[in-house]
Amino acid sequence: MSSPYPRARLAQARWAQLSVEERVRRISPAVQALADRMDEFAQRIHEENGKPMMEAVTHEIGASISTMRWLLDTAPRILQDRSLSLSVFPNRKARVQRVPWGVVLVIGPWNVPLGIPVSQVIPALLAGNAVVLKPSELTPRSAGILAEILGGCDLPAGLFTLIEGAGDVGAELIAQRPDKLMFTGSVATGREVMAAAARHPIPVTLELGGVDAMIVCEDADLEFTASAAAWGSTFNGGQVCASVERLIVHASIRDRFQSLLVDKLERIDPRSDLGHITAPRQRQIYEAHLADARDRGLEIPTGGRFLGPRQLAPTLVAGPGIEQADVWQQETFGPVVALTEFTDDAHAIALHNSVSSGLTASVFTADVARAERIAGQLRAGLVSINDVGATLYGQPELPWGGVGASGFGRSHGEEGLLDCSWPRVVEQTRVGVFGPKRPWWYPYDHHQQALMAAFGRGLAARAPAQRLGQALRAGRSLAAMLSRRPRL
Ligand code: TXE
């Protein structure tokens, strides 16, 4: 494979010279292009990925439009130079500039084949980078929408390149040494990608999914919460990084909640509502997790069977010991949800934090203060009170990403945009402010040391009198230094 990077680097050198406002102006037509061809693009994603049209319109096109709109509106503010006043050197001027990485490699997944690349490619371009996108081999046509809408923009040739291929192509593109890597996919591949990037090293952002949990308190609106759980665990056929995979339900309402949920899961229409399996290999993961649950003697109150080659019936798994089962510990990435009960809030928090990943979480209760207390102790990148965390993916201001096995770094929000560049500090001062040399340069002597000691103590002191005392000591030492020390 010939490397796309030399061309990308030439384009990037020109692109980085433009102001952020000019980059915004040039990328802006892509938003309208996406909106104009919404139905056609949604149809393409629906056919290739298997998600319902409603989800293609909302989670792919709609979320992409909201993300792009916000980025275009706010990038000039977020990426502008930031002036700093300095506490140690108040006489100096400093500012932080955002410098593009150069060429950013984005390796995309198949579950949100347009929305996820948009949230990484567009901020990377706005920050002044060139981008090479390697979409999933299962959904190249959906990711190709991005190439089409950017194709109508006035961008230097080679600034954005889409390279199709499987994992070997992704590995080769890492070996060819981009300047920054954004990866979305499985934990196993994330580890490989990070190890390959470490050789150079290339900075990485990893979004590796999760086994996200919903905590249902005894005072929650159970009808509403069961509907949230049914949707949150099954939309896009459950192939969502922030899908609700675990339910932690207060013991006093567990039976009622479970029967409401079973009823709602059974009423999901597989023809119009339930997404199809996109990656055929997912079927083996579903089968393995269900076999593990059966081996452990867990109950499967509904589902647990395939409706065809590409659909698993919405499935609930419950019973004692579920916290050790695969459905609890690992991402099933299908329409499967595991349920257990809690007795008090500390128990719910411990159950939530009993897994190695933490992308999103939710707490359903009428008591917002209680939910805030719980949220403050959950190990997750985003906690929603009374909604499913996945909903917030379409809210572009909110940084998106996880902790632990869910990866690190963020897309979306200021954090996501800043992750597309590195900070360069430019600082300036004048020559000869305190004599011919800086007071801390050679040669060292006891006056200089006394000056630095007084300065340190002055910084530590809170009382004005103490500060003044140290300032006087520092002044005396400085005067002694300037008068006695031979010049170097
Ligand atoms: O993803 P892979 P898979 C999780 C989910 C799912 C599991 C398996 O749990 O069940 O991953 O999915 C490219 N070097 N998520 O196997 O392999 C590959 O071509 C460089 C979570 O399909 O991680 C594709 O473009 N690149 C999730 C991308 O990596 C490599 C989204 C993802 O593929 C590579 C999808 C290599 N060595 C799956 N090997 C989320 N976080 O939302 C593969 N790729």
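Reader: In which loop does Pro 443 lie?

Author: The model is a predicted one, and in it the peptide bond from Tyr 442 to Pro 443 is cis, with omega near -5 degrees. As for its place in the chain, Pro 443 belongs to the loop between β20 (421–428) and α17 (446–460).

Reader: Which residue does a cis peptide bond join to His 200, and where is the place of that residue?

Author: The bond in question has an omega of about -15 degrees, and the residue it joins to His 200 is Pro 201. Pro 201 has its place in the loop between α9 (187–198) and β7 (204–207).

Reader: What phi does Arg 177 have?

Author: Arg 177 is found in a loop, the one that runs between α8 (167–175) and β6 (180–184). Although Arg 177 is not a glycine, its phi is positive, at about 70 degrees.

Reader: How does the domain assignment divide the protein chain, and what distance separates the centres of domain 1 and domain 2?

Author: The assignment gives domain 1 as two segments, 5–208 and 412–425, with domain 2 at 212–395 and domain 3 at 436–482. Taken over C-alpha atoms, the centres of domain 1 and domain 2 are separated by 30 Å.

Reader: What area is buried between domain 1 and domain 2, and which three residues of domain 1 supply more of its share than any other three?

Author: In terms of residues, 20 from domain 1 are in contact with 21 from domain 2. The area buried between these two domains is about 1,600 Å², and carbon and sulfur atoms give 52% of it. Of the area that domain 1 buries against domain 2, 30% is supplied by three residues, more than by any other three, and they are Trp 110, Asn 111 and His 412.

Reader: How many residue pairs are in polar contact across the interface of domain 1 and domain 2, and which element gives the most residues to the side of domain 1?

Author: Across this interface there is 1 salt bridge, and the residue pairs in polar contact, with both residues at pLDDT 80 or more, number 8. On the side of domain 1 that touches domain 2, the elements giving two or more residues are α4 (38–49), α5 (53–78) and α6 (115–126). The one that gives the most, with 4 residues, is α5.

Reader: Why are Arg 25 and Glu 22 separated by about one helical turn, and at what N to O distance do their side chains meet?

Author: Both residues belong to helix α2 (residues 20–27), and because they are 3 residues apart in that helix, about one helical turn separates them.

Reader: Which strands stand at the edges of the open sheet of 6 strands?

Author: The order of this sheet is β5-β4-β3-β6-β7-β19, and its pairing is mixed. Two of its strands have a single partner strand each, so one side of each is left without a neighbour in the sheet, and these edge strands are β5 (160–162) and β19 (407–408).

How values were computed
Residues numbered from 1 in each chain as written. Heavy atoms only, no water. Domains from an automatic or database assignment. Contact = heavy atoms within 4.5 Å. Buried area = accessible area lost by both parts, 1.4 Å probe. Salt bridge = Lys/Arg side-chain N within 4 Å of Asp/Glu carboxyl O. Polar contact = N/O pair within 3.5 Å; in protein donor to acceptor, adjacent residues only side chain to side chain. Pairing = 2+ DSSP bridges.
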